[in-house]
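Thanks, everyone. I have one model to go through today, so please look at the screen while I talk.

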Amino acid sequence: MVTFENTREFAVHLDETDPLGKFRERFYIPLHQGKPCIYFAGNSLGLQSKSVQEHVMNDLEDWANFGVEGHVHARIPWIRYNEIFPQKLAPILGAKPAEIVVMNALTVNLHLLLVSFYRPTASRYKIICEAKAFPSDQYALQSQALLHGRDPGEVIIEIAPREGSHILRKEDILSCIREHGAETAVVMIGGVNYYTGQVLDMPSIAAAAHQAGAYCGFDLAHAVGNVPLQLHDWEVDFACWCSYKYLNSGPGAVAGAFVHDKFFRDPTLVRLAGWVGTNKERRFRMDSTFDPIPSAEGWQLSTTQVLNMSAHGAALDLFEEAGFENVVDKMKKLSAYLMFVLDEIGNASPGRVIEIITPRDGNEHGCQVSILLHDRGKAVFDSLKQQGVIVDWREPNVIRLAPVPLYNTYEEVYTAGQILKKIIAS
Ligand SMILES: *Cc1c(COP(=O)(O)O)cnc(C)c1O
C-alpha cells in the first residue's frame, strides 16, 4: 500500500494514474457558482451519465413510432425489457442472472419478499434486525408483524452497538441470532449500514441464520454497486436494493430483488402474484391458473415499467465497461485516502472535533465515510454546502461523505479536506 500525502500534488498524481479516471467525463457534474461542485452524495442519489438521455429518448421514440407494437418491435422490446438487466447486475451482486429481477421500488420489494419469507408460526415468529434501521425498513417490519396479527414489540429483535460505540460487533450479531434462534423466522439486516457505512459480515450472518433454522435477507440499498457481494455463494435467501444510489439510475429508479435459486420450485413458498410473474408461454392465454416463472421473475406482478428503466440500462453499461472489480479497487483506495485526509485534519484540530465512526478496516466499509462532529456539526455542514461540497447531514451530528469511483477524484478529496480544515479552524 502506498503511503498517502495530504497534498494537491499527490492527489493529482493518483488521479493521473487512475485506471477509471476517464469515466468522470461521462457524467454530468452539478455546478456550484459556475464550477463543478464536489459531489460526495452518490450514496443518496448517484449522478446522471451522459448516455442516459439517449436511452430515454430511444424509448420515447419507440413509443411514438410503434404504439402498442413497441411491446414486440421496440429496439428493446418492452415485453422483455427487464431481461437485459440480470446479466449486467450479476457480477455486482454475485448472483446468477435467474436469481435477479428488476422491478418496483425497494420498500415494495422488501414487502413482497417478506410475504414469502416471513411466515410466522406459534413458536417461530421473530425478526432480527439492526437497531435504528433505515425508517422504511423499520416500518416494513412492523407492518409485516401487524399483517400477521402480531405485536411488533414481540416480533422485532434489534441488535444495537455496545455503549459508547457506533458500529455493530460481529460476535454480538451472531450471539443474538443464537440466543433467539429457535423463535426466529427471519434475519433481515442492512448489508451496509446507511448511517455508519459499516459493511456487515453477510456470509457469517446468513450461516448463523440458517443454523438457527431461519431465513436470511439483506437490504442492499447501500451495498449494491458499492461493495463486492456474493449473494449466491453466501446462500442469502433473499435481498432487495434500490438503483438510484450507487447504481446511478436516477431519482425513483426501478429497484431490484434477489431470490436464491433453491426456492425457484418450492411450492411451500407462497407469494403475492400477478400476471407478469406467470409462465411466459401461457401469460397471454389469460387462464386462471398462476404458474410462477421458476426464477426471481416469478415474483413480478405488473407490466414492465419501461420508462422507469431506460436510465438503468445506461447506468449499468458504465459499470460493465469499467469492470466491477476495478470499481471496488478504486473504492478502497479513494475511501482510504478520504480517511487519511480526515485524520490529518481531525488530529490537527483543537479538541479533535472530527471522529470517524465508519470502521477503519478496508473490508468493513465501502465508499462512505461518516464523521461525527463534536462541535457545531450543522454549521460545518452548511458551510461545506455553501462552498460547493455536497455531502449529507444526519441528525444529531453526523456528516456522510461518499466519494464514488466512477466520477469522483482524489483531488476532490484533497480539496474538500482543505475546505473542511478552514471551516473548523474559523
Ligand atoms: C435508501 C434506502 C431505502 C429507500 O427505500 P425506497 O423504497 O427506495 O424509498 C430503504 N432502506 C434503506 C436501508 C435505504 O438506504
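I will need one definition first: a residue is called buried under 20% relative accessible area, exposed over 50%, and partly exposed in between. Glu-321 shows how that works: its relative accessibility is 48%, so Glu-321 counts as partly exposed. And please keep in mind that this is a predicted model.

I'll stay with Glu-321 for a moment. Its side chain meets that of Arg-26 in a salt bridge, at 2.9 Å from N to O. Glu-321 sits in helix H10, residues 310–322, while Arg-26 sits in the loop between helix H1 (8–16) and strand S1 (31–32). The two are 295 residues apart, so this pair links distant parts of the chain. Arg-26 is also partly exposed, because its relative accessible area is 31%.

Now the other salt bridges. How many does a search of the whole structure find? The search gives 23. I will take two further pairs.

The next pair is Glu-61 and Arg-75, with their closest N and O atoms 3.2 Å apart. Glu-61 is in helix H2, residues 52–66, and Arg-75 is in the loop between helix H3 (70–73) and helix H4 (85–93), 14 residues apart. At 39% relative accessibility Glu-61 is partly exposed, and Arg-75, at 49%, is partly exposed too. This bridge belongs to a network of salt bridges that links Glu-61, Asp-62 and Arg-75.

The other pair is Lys-262 with Glu-235, a salt bridge of 3.1 Å, N to O. Lys-262 lies in the loop between strand S10 (256–259) and H10, and Glu-235 in the loop between S8 and S9, so the bridge ties together parts 27 residues apart in sequence. Lys-262 has 39% relative accessibility and therefore counts as partly exposed. For Glu-235 the value is 40%, so that residue is partly exposed as well.

Is His-232 buried or exposed? Its relative accessibility is 19%, and because the cut-off for buried is under 20%, His-232 counts as buried. The side chain of His-232 makes a polar contact with the side chain of Glu-99, at 2.6 Å. Leaving out residues up to four places away in sequence, His-232 touches Gly-94, Ala-95, Lys-96, Glu-99, Phe-258, His-260 and Asp-261.

Domain 1 puts 33 residues into the contact and domain 2 puts in 21.

What area is buried between domain 1 and domain 2? About 2100 Å², with carbon and sulfur atoms giving 61% of that. For polar contact, the count between the two domains is 10 residue pairs, both residues at pLDDT 80 or more. Across the same interface, the rule finds 0 salt bridges.

Which elements give two or more residues to the side of domain 1 that touches domain 2? They are helix H11 (324–348), strand S12 (369–373) and strand S15 (398–401). H11 gives the most, with 3 residues. By class, that side of domain 1 has 17 nonpolar, 10 polar and 6 charged residues.

Last, some backbone points to check on the screen. Glu-395 and Pro-396 are joined by a cis peptide bond, with omega about 0°. Pro-396 lies in the loop between strand S14 (392–394) and S15.

Then there are positive phi values outside glycine. Gln-33 has phi near 45° and lies in the loop between S1 and strand S2 (35–36). Gln-33 counts as exposed because its relative accessibility is 72%. Asn-104 also has a positive phi, of about 55°. Asn-104 is placed in the loop between strand S4 (100–102) and helix H5 (106–117), and at 22% relative accessibility it counts as partly exposed.

That is the end of my part.

Definitions and conventions
Residues are numbered from 1 along each chain as its sequence is written. This is a predicted model: local features need pLDDT of at least 70, side-chain atom pairs count only at pLDDT 80 or more; totals for chains, interfaces and linings use all residues. Side-chain values use heavy atoms; hydrogens and water are left out. Contact means heavy atoms within 4.5 Å. Buried area is the accessible area (1.4 Å probe) that two parts lose on being put together, summed over both. A salt bridge is a side-chain nitrogen of Lys or Arg within 4 Å of a carboxyl oxygen of Asp or Glu. A polar contact is a pair of N or O atoms within 3.5 Å; within protein, one must be able to donate a hydrogen and the other to accept it, and residues adjacent in sequence count only if both atoms are side-chain atoms. Helices (H or I, at least four residues) and strands (E, at least two) are DSSP runs, numbered from the N terminus. Ala, Val, Leu, Ile, Met, Phe, Trp, Tyr, Cys and Pro count as nonpolar, Asp, Glu, Lys and Arg as charged, and the others, Gly among them, as polar. Buried means under 20% relative accessible area, exposed over 50%, partly exposed in between (1.4 Å probe, protein chains only).
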